[in-house]
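Colleague: I have a structure open and would like to go through it with you. Could you take me through it step by step?

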Amino acid sequence: MEQPELVMVREPDRPDEPVRIGTVLSKEGSLFRVRWDDGSEESVRLGGRIAGAPQGSLRLAFLRDRASAVAAFEANPIDAVTRLLQENEKGLTRKQIREKLTDLGLDIGSGSPRWRRIEQALTSSDEISVSGKGVAAIFQSKVKAGRARSRSEPTRILPQAEQHAPVPAAEAIGGAANHGSEAFAQPGASSASSPGAESAGHPNRESAPAEVIDGSTTAPSTAPASLAARLAQMMGEDESQPLRHYLSKPLAVGARLQKLTGEELEALLESLTREDAAALELLLLVTSRSSSAADRSLDGGRMTDLLAAAAAEVGAQAVLDPDLSVTAEALLRRASDGVNLPTAAIPSLATIGHAVALGRGSEARQVLEAVALVLSRLLRSLSRDERVSIDLEGLAPLVAPLPFTRDGGRAALIATVNKVHSKSVLSDAWWSGASLDELVACASGPLGAVTSRPEVCAEFLWPLMLRELSLVESRGRLAFLMGVPSEFLAGVSGEVLAAALRRVAAIDRIVAGWAAALTQEQRIQALRHDVEQAQAAAQAAEERARAAENRTTALADRCAQLEETLRAEHRESASLRTAQDRQIQIDVVRSLATLAAEVEELAAGETEPGVLVERVRALAMAQALEPIGQVGFEVSFDPTAHDPIVGVPQDGTEVKVIRPGYRWRPLGEDVLIDKALVTT
């Protein structure tokens with residue numbers, strides 16, 4: 001029998017473009033060389049927007065012009081059924097006819113008026129013969145097709161991956177449930193899914209070998225059972241359902257497929273038609289044993305449909321079964337591994353990921369990390385309208401089992417949510433279980449834009465920081481806490497830091513030395529004395545100003561003409577003196593504050609005492625203060641510069657400096673501020 005000519009069909013990228021038809025020139029493996037109707041040639045594989053069908057088949061009519069084909073069916077459904085019987089020369093049952101029409105996207109209910117018309121024609125038409133009774137009755141066309149499939153080299157066509165019209169997700173997966181699980185041939189060609197039909201992959205086979213299904217062996221038959229029948233047996237069902245029924249619950253089916261051995265699975269794939277094998281390969285994506293053919297033909301749209309079906313399956317269960325948790329995890333791993341998913345996959349990823357997080361938690365940490373990274377990428381692609389429909393806070397439980405790492409999925413997802421809707425990251429669910437060390441490490445990565453927000457610091461970071469400071473008991477931990485980013489410390493008071501320093505100083509002598517150096521009580525007392533002297537001098541100046549004012553008032557009786565002038569000069573003098581006195585106070589206090597800040601900074605940085613002294617002396621010299629002597633050094637006694645602790649040494653006697661003194665030399669002046677304390 002002559003082999004029907006294979007026709008390739010490419011769906012248009014846009015609705016206003018026509019369908020492209022091509023002729024197959026050659027085939028090498030799964031690669032077809034096609035000449036399209038515009039004369040261009042291309043090497044293609046079946047799948048995606050490219051489908052194939054035999055010349056003159058009913059499937060080709062629906063692929064070429066679906067609208068016209070549907071209209072013709074509406075006008076006369078009997079012609080379509082007759083053509084189906086011609087293409088399946090071994091006949092079809094009532095149920096198989098309905099399934100094939102449904103696979104073409106036609107709405108055929110068993111009790112609908114349209115089906116009753118078809119059923120009446122099946123039993124009354126002179127062109128159709130019937131054998132058997134009841135549901136087992138098989139209808140055949142008495143008019144044979146002019147061309148039939150060659151049995152020496154059958155045409156094997158993969159199912160089309162996409163639809164011309166929207167269909168439910170379970171029916172759209174892989175195209176197998178919507179376009180049928182067999183290749184359409186010329187009228188008269190047999191279908192591998194029909195009772196008694198030959199296997200498309202095994203021509204001239206009179207009987208099939210024994211099949212291995214879920215560890216059991218079935219008896220040889222004249223034709224291999226369809227995938228739907230095998231899955232029904234595997235699932236323990238009394239009667240098989242349409243293939244789309246099993247595609248609508250991929251996790252449960254995948255859990256059963258997971259139990260097959262490698263040999264059993266290989267035998268099952270080999271015994272199926274190409275179309276059933278493609279559907280099985282799609283279902284295997286929820287297991288750890290998928291085929292390279294399924295991986296190559298997988299695209300974002302088909303994976304989105306598969307995820308949607310799995311999400312619906314997960315949503316129907318209060319608690320996910322352990323076997324389904326394993327297949328759900330495998331599906332998430334596949335979806336996260338290089339598949340270009342659209343944003344429509346976000347709800348399904350979130351639903352399945354949340355269920356896996358609740359069921360397997362730390363065991364599924366690696367796949368949850370990958371899902372979080374995929375979600376962070378997809379969320380950035382959402383339009384403004386799409387963002388409104390996504391429950392961003394609902395994604396938090398998915399990453400709750402994950403640790404915070406600099407480039408990990410949890411940090412990346414929180415950073416993305418912060419960009420999409422900043423208020424959502426203020427939910428406690430995002431930060432549950434976070435430690436200060438993890439957040440400090442993440443602050444130098446993408447999460448830094450979140451941890452630097454004042455409201456995030458106040459809500460989550462500062463409480464962690466205060467808790468750590470209240471518990472710190474080691475020098476190393478204290479040093480770590482003092483070295484965290486500034487936003488972590490902004491909400492910590494000086495009293496809390498001082499308390500932490502005292503706690504560590506009580507058990508660490510080095511820290512105790514720091515604390516003592518930071519206090520410097522004697523030096524502070526001396527500086528306070530200087531401030532008091534400056535205040536006394538300012539008060540004396542103020543009293544002198546008041547006396548001058550009294551004298552000016554006495555002269556008013558003798559010099560009435562100059563009274564107003566002298567009063568004005570007095571007011572200027574008093575104001576100037578007050579400003580000068582005030583500036584003196586400010587300068588003294590500023591110098592004291594600069595010194596105190598420098599000492600505290602150097603002590604906190606574990607500066608060596610020698611360096612500390614050098615820095616203090618540099619600050620003093622910046623104020624024109626010149627030191628008299630250096631602690632520990634021996635000098636010749638000079639009564640004008642030295643103040644002995646005990647006795648009165650003779651001039652020139654070698655004495656040891658206990659505390660240095662200072663001279664103030666501004667603009668050439670030489671003022672002794674404090675003598676150096678010495679001892680013999």
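Modeller: Let us begin with helix α12, residues 274–283. Nine of its ten residues are buried, so the helix is largely enclosed by the rest of the structure. Here, buried means under 20% relative accessible area, exposed means over 50%, and partly exposed lies in between (1.4 Å probe, protein chains only). Helices (H or I, at least four residues) and strands (E, at least two) are DSSP runs, numbered from the N terminus.

Colleague: Which residues of α12 are the buried ones?

Modeller: They are E275, D276, A277, A278, A279, L280, E281, L282 and L283.

Colleague: Before we go on, what kind of model is this?

Modeller: It is a predicted model, in which local features need pLDDT of at least 70 and side-chain atom pairs count only at pLDDT 80 or more, while totals for chains, interfaces and linings use all residues. Residues are numbered from 1 along each chain as its sequence is written, and side-chain values use heavy atoms, with hydrogens and water left out.

Colleague: Now the aromatics. How many aromatic pairs does the structure hold?

Modeller: There are two. Rings of Phe, Tyr and Trp (its six-membered ring) pair if their centres lie within 6.5 Å; planes under 30 degrees apart count as stacked, over 60 as edge-to-face, and the rest as tilted.

Colleague: Where do F404 and W431 lie?

Modeller: F404 is in the loop between α19 (396–399) and α20 (409–420), and W431 is in the loop between α20 and α21 (436–442), so the pair ties together parts that are 27 residues apart in sequence. Both F404 and W431 are buried.

Colleague: And what about W431 and F460?

Modeller: Their ring centres are 5.2 Å apart and their planes are at 25°, so that pair is stacked as well. F460 belongs to helix α23 (residues 454–471), while W431 lies in the loop between α20 and α21, so the contact ties together parts that are 29 residues apart in sequence. F460 is buried, as is W431. F404, W431 and F460 form one aromatic cluster.

Colleague: Changing topic, how many salt bridges are found in the whole structure?

Modeller: The search finds 20, a salt bridge being a side-chain nitrogen of Lys or Arg within 4 Å of a carboxyl oxygen of Asp or Glu. In one of them, the side chains of E42 and R10 meet at 2.5 Å, N to O. E42 lies in strand β4 and R10 in strand β1 (residues 6–10), so this bridge ties together parts that are 32 residues apart in sequence.

Colleague: How does β4 pair with β3?

Modeller: Strands β3 (residues 31–36) and β4 (residues 41–44) run antiparallel and are joined by four bridges; two strands pair if DSSP finds at least two bridges between them. R35 stands opposite E41 in β4. The hairpin has four residues between the strands, and G39 takes a positive phi near 95° there.

Colleague: Which residues are linked in a network of salt bridges?

Modeller: D437, R467, E468 and R477 are linked in this way. Within this group, R467 and E468 form a salt bridge with their closest N and O atoms 3.7 Å apart.
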